[in-house]
Amino acid sequence: MNNSSGANFRFRRNDSVGTADAESDDSYISDCFVETGDLDALLDFSSPKRIIVGRTGSGKSALVRKLKEVEENVIELPPQNLSLAYIANSDILRFFEAAGVNLDLFYQLLWKHVLTVELLKNKYKIKSEDQKRSFLSNLFSNINRDRSKEQAINYLREWGEKFWEETEYRVKELTTKVETDLRASLAPSMSDIKLDFSTGKKLSEEQKQEVVQHGRKVVNQIQIKALSDVIRVLSEDVFNDPQQRYFITIDGLDEHWVEDALRYKLIRALIETVRSFQKIKYVKIVISLRVDLLTRVITATRDSGFQEEKYESLYLKLKWSKSQIEELLDLRIAKLVRERYTSRAIKLRELFPNKVGRTSFVDYLTERTFYRPRDAILFVNACLEHAEGRNSVTAQCVSEAEGEYSSKRLVSLQEEWGATFPHLTRYTHLLLRKPASFKFSLISKEVLQDLLFSEFEDDLDSADPVVRSISDLVVNGKGTAHSATQVLFEIFYLVGLIGIKPDSTTGTYWSFHNAEGPSSGAIKPSSTAYVHPTFWRTLGTRVTE
């Protein structure tokens, strides 16, 4: 143990270096922010980076909060405040969508409209009808008879009737106008039918074709061109001063602000809208997305013309190094000790043991996180709980804390990925008491059969990909133990439960380090799986030094 601190204090109950969520971690975020280069990328208007992508606890919300601290003109737009549930509850929209009408253009219009009005309202402090008229009149007088820009201003007059109203009012206003146009487009023969989702599903093919034809016409005429002209006006005539930079931040998209099927479509439309707003030089729309949510959005909304690479330049993928994690903890420990005990700056290494077993404590700590700030903070907090009454944290404190931490991290993993893999925790029973590293060939048909009948005996006909692949092997005699294991281990790899070393000449892949994992063809029965150290204690992993 490193006792060089000479500290004359004793840790007290409830000492911590911060909380797990950014929303209740204000003082630590402000005083202990570590610049990893991500904030600089957001502040750089020449950089396309504006979609923050990271796993739970990687610092997305903290980055958004820091942006608000350092920039003057940051507009927060929580999705919960947009009344988007109004769209989900619209019988007319649900009827047309059930009949097969693609409403993606409408969802993009909605975002463009909301963001445009939000920017103008904040820049010009528009709080009344008179102020709006004055603003539009001044703007109109400065556009030099540009026909397309005149149309843009007419659009704002038509659709932005009450700029100063809350954002949710504008969502309802715009949706109501589109609902009216869609209803009016129906043939007289359909005027008496009930417009709701179930009716849209029950239409004959001939009726569906007619509804799609009329609905598509309405959607294609909802002034997307006029909004493109509005964006040009914003770029050339409004937000053209480098000394007045504006941000809109949208965080919390992973929360349940609207039902999932619609949420995925709205997020995809938002991503498209973020791309289009790149044309406004001194405006940045910054959104944050969890990796698993982004994957579900892309999967649920993928169409024939989808090209994922065209979004890559927008992604700001959060990654932390070991030294950055240590720097973050040094700052937080110094803050805790300074505020509670002594003014001298004390660092992580002074209060924690030099080694745990044969491993340096810093390595031991980072190996049991996914190189994410939240996990590191929670592990240190767990250690401090067991150091009550001491002036430093012993190796025994670390060991005692690790058992609780490991169990909670597995629960957290299910919460993080549960929407994508509802049975993840049940899958992990296959890893119980396995060695820390083992060949894929260790997972035999008998091992898979035990998992199937112990965990899924009542769900053998499930559409779950793991159950289906194992059931095909065990019940129907299709496939091989290796192919079924691959289906399961691809999920384990994605969520971070295991790393994969394809062969003796290749390094070990971990999903939180490698954007792309090993190809399916590279993984053989002789490939090695490594159980992540975070879960050793809760899985009873057999570890040899």
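## Two crossing helices

Helix H22 (residues 445-455) and helix H23 (residues 465-474) pack at an angle of about 120°, with axes 10 Å apart. Helices here are DSSP runs of H or I with at least four residues, and strands are E runs of at least two, numbered from the N terminus. Axes are lines fitted to C-alpha atoms, for helices over the stretch in contact, and angles run from 0 to 180 degrees between N-to-C directions. That angle makes H22 oblique to H23; angles under 35 degrees count as roughly parallel, over 145 as roughly antiparallel, 65 to 115 as roughly perpendicular and the rest as oblique.

On the H22 side, the contact (heavy atoms within 4.5 Å) involves Lys445, Leu448, Gln449, Leu451, Leu452 and Phe453. H23 contributes Val467, Ile470, Ser471, Leu473 and Val474.

## About the model

This is a predicted model, in which local features need pLDDT of at least 70 and side-chain atom pairs count only at pLDDT 80 or more, while totals for chains, interfaces and linings use all residues. Residues are numbered from 1 along each chain as its sequence is written, and side-chain values use heavy atoms, with hydrogens and water left out.

## A three-stranded sheet

Next comes an open sheet of three strands, ordered S8-S10-S9 with antiparallel pairing. Two strands pair if DSSP finds at least two bridges between them. Its edge strands are strand S8 (437-439) and S9, each pairing on one side only. Neighbouring strands are turned by 25° against each other on average, direction ignored.

S10 (residues 528-531) is joined to S9 by four bridges and to S8 by three. Tyr530 of S10 stands opposite Gly499 and is also the bridge partner of Ser437. In S9 (residues 498-501), Ile498 and Ile500 point one way, Gly499 and Lys501 point the other way, and all are buried, meaning under 20% relative accessible area with a 1.4 Å probe, protein chains only (exposed is over 50%, partly exposed in between). Helix H24 (residues 481-495) lies across S8, S9 and S10, at about 115° to S9.

## A helix among helices

Helix H16 (residues 322-340) has 19 residues and reaches 27 Å from its first C-alpha to its last, close to the 27 Å expected; that expected span is 1.5 Å times one less than the number of residues. Among its buried residues are Ile325, Leu328, Asp330 and Arg332. The buried residues of H16 pack against helices H1 (26-31), H17 (348-351), H18 (361-367) and H19 (373-385).
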